[in-house]
Amino acid sequence: MNPLRAYDIHIVGLDNKRHEYDFTSDSTFFAALEQELIKAGNVQTHLVLEKSETMIRLDFHIVGTVEQTCDRSLDEYDESVDTQRTMLLKFGDHNEELSDEIELIERNTSTINVARYIFEFISLSLPMKRLHPRYRDEDDQDNDDQNGKLIYRSDTATSNDDADDQKDMDPRWAALRKLSDN
């Protein structure tokens, strides 16, 4: 049996109201998706589905941990996941992805599988730079040192210099400056 079948929601018989679902995703879930980003994890998903005549709103709240490999040391560690995302499925004549949050689905669609959405939302919540927690403190300290150095400054005059310039300025130029400030 396909482990992703557990993520099917039969929308044909659902009333036009709010429905709630809970899903648990473990290593078999990530293996069934045939991807390389996440090998293992334990994630709980609470899904609120609101069905109306014209669309379905899916509100996901995903909490748990996934196993990641550190880019620096190649050590494996658990990355925590806590994200809330919304997906809108509008009924139409054909299937089409309109944006990251909106998709068209055919009116005669009987089931939707939310496994792909759960995986995408988990993937989007992970940091781009995969660092083991013991290296994150070092990386933050390096960034603090770099933030303390002044490399370039584009404004040449300070506020005191502007006040002195105003006193020494020809009154005709001052009148023109007032016009350009408006």
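Predicted model: local features only at pLDDT ≥ 70, side-chain atom pairs only at ≥ 80, totals over all residues.
The chain's accessible surface comes to about 12600 Å², and carbon and sulfur atoms account for 47% of that.

Let's walk through the fold. The protein chain holds five helices and eight strands, and from the N terminus on its elements run β-β-α-β-β-β-β-β-β-α-α-α-α. If we take contacts between residues at least 6 apart in sequence, 57% of them join residues at least 24 apart.

Six of the strands form an open sheet with mixed pairing, in the order β2-β3-β4-β5-β7-β6. Strands β2 and β6 stand at its edges with a single partner strand each, so one side of each is left without a neighbour in the sheet. Inside the sheet, β3 and β4 pair in the antiparallel sense over eleven bridges, and His46 has His61 in β4 as its bridge partner.

Helix α2 lies across β2, β3, β4, β5 and β7, and runs at about 130° to β5. Here are the residue ranges of some of these elements:

| Element | Residues |
|---|---|
| Strand β3 | residues 41-51 |
| Strand β4 | residues 55-69 |
| Strand β5 | residues 76-92 |
| Strand β7 | residues 102-106 |
| Helix α2 | residues 115-125 |

Finally, a look at strand β1, which spans residues 8-10 and includes Asp8. What does Asp8 touch, leaving aside its neighbours within four places in sequence? Asp8 is in contact with Ile112 and Asn113, and the side chains of Asp8 and Asn113 are joined by a polar contact of 2.7 Å.

How values were computed: Residues numbered from 1 in each chain as written. Heavy atoms only, no water. Helix = DSSP H or I, 4+ residues; strand = E, 2+ residues; numbered from the N terminus. Polar contact = N/O pair within 3.5 Å; in protein donor to acceptor, adjacent residues only side chain to side chain. Contact = heavy atoms within 4.5 Å. Areas by Shrake-Rupley, 256 points an atom, 1.4 Å probe, with all protein chains shown as cover. Pairing = 2+ DSSP bridges. Axes fitted to C-alpha atoms, helices over the stretch in contact; angles between N-to-C directions.
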